[in-house]
Amino acid sequence: MLLLGNSNMLADPGAVSVIIGEGTDRRDYLIVRYKGEISVFENSCPHQGTPLETLAGKFFNRDQTQLLCSTHGAEFRVKDGVCTIGPCKGKKLKAAPFRLEGAALYLN
Ligand code: FES
């Protein structure tokens, strides 16, 4: 069990990337708060495997309703990570198992 962060630090809607490890053990996780719910995904677009953000901290589309991959404009539903618009339509962000203990967010 690994502490990812304090979920109270996120705005709603809000998202942050947390990088853990180095080299071949490096993992990039995307922590999201949307309509009061917390989600955690691997920060890797199913289209080409790049991180979603090309500008630091920019993870939402213009109207703040879906996650955005800035590389080619794919958009993803927050609740399940399914791509609804863009080159990977129908594919999903990979969810990461987590649990909350109060505001503390742990990766399982
Ligand atoms: S890499 Fe994300 S849309 Fe192409």
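Where does Lys-35 lie? I looked that up before anything else. Lys-35 lies in the loop between β3 and β4.

**Ground rules**

I am working from a predicted model, where local features need pLDDT of at least 70 and side-chain atom pairs count only at pLDDT 80 or more, while totals for chains, interfaces and linings use all residues. Residues are numbered from 1 along each chain as its sequence is written, and side-chain values use heavy atoms, with hydrogens and water left out. My strands (E, at least two residues) and helices (H or I, at least four) are DSSP runs, numbered from the N terminus.

With a relative accessibility of 66%, Lys-35 counts as exposed. My cut-offs here are under 20% relative accessible area for buried, over 50% for exposed and partly exposed in between, using a 1.4 Å probe and protein chains only.

Gln-64 is another non-glycine residue with a positive phi, near 65 degrees. I found Gln-64 in the loop between β4 and β5, partly exposed with a relative accessible area of 35%.

I also checked for a cis peptide bond and found one joining Asp-12 and Pro-13, with omega at about 0 degrees. Pro-13 sits in the loop between β1 (2-6) and β2.

**Entry: strands and hairpins**

Strands of a sheet pair through backbone hydrogen bonds, either parallel or antiparallel. I call two strands paired if DSSP finds at least two bridges between them.

β2 (residues 14-20) pairs with β3 in the antiparallel sense, over seven bridges. β2 and β3 make a hairpin with six residues between them, and Gly-21 in the turn has a positive phi of about 80 degrees.

β8 (residues 98-101) and β9 (residues 104-107) are also antiparallel, with four bridges. This hairpin has two residues between its strands, and Gly-102 in the turn shows a positive phi of about 65 degrees. Across the pair, Arg-99 has Tyr-106 in β9 as its bridge partner. Arg-99 also lies over the face of Tyr-106, 5.8 Å from the ring centre. For that call I need NZ of Lys or CZ of Arg within 6 Å of the ring centre and within 35 degrees of the ring normal.

Then there is an open sheet of three strands, β5-β6-β7 in order, with antiparallel pairing. Its edge strands are β5 and β7 (83-85), each pairing on one side only. β6 (residues 75-76) meets β7 over two bridges, and Phe-76 has Cys-83 in β7 as its bridge partner.

**Entry: aromatic rings**

How many aromatic pairs does the count come to? I pair rings of Phe, Tyr and Trp (its six-membered ring) if their centres lie within 6.5 Å; planes under 30 degrees apart are stacked, over 60 edge-to-face, and the rest tilted. By this rule I get one aromatic pair. Tyr-34 and Phe-60 are stacked, at 6.1 Å centre to centre with 25 degrees between the planes. Tyr-34 is in strand β3 (residues 27-34) and Phe-60 is in the loop between β4 (37-42) and β5 (67-68), so the pair ties together parts 26 residues apart in sequence. I have both Tyr-34 and Phe-60 down as buried.

**Entry: pocket and cavity**

I worked on a 1 Å grid over the protein atoms alone: a cavity is a set of points where a 1.4 Å probe fits but cannot get out, a pocket is an open set with protein on both sides within 12 Å along at least five of seven lines, and lining residues have an atom within 4 Å of a point. Grid points are joined across faces, edges and corners, and a volume is the space filled by probe spheres set on them.

The largest pocket has a volume of about 150 Å³. Its lining includes Tyr-34, Lys-35 and Arg-77.

I found one cavity of 30 Å³ or more. The largest cavity holds about 40 Å³ of space, and among its lining residues are Cys-45, Gln-48 and His-72.

**Entry: two loop residues**

Gln-48, in the loop between β4 and β5, is exposed at 53% relative accessible area. Leu-93, in the loop between β7 and β8, is buried at 3%. Leu-93 and Val-82 are eleven residues apart in sequence and 6.4 Å apart in space, C-alpha to C-alpha.
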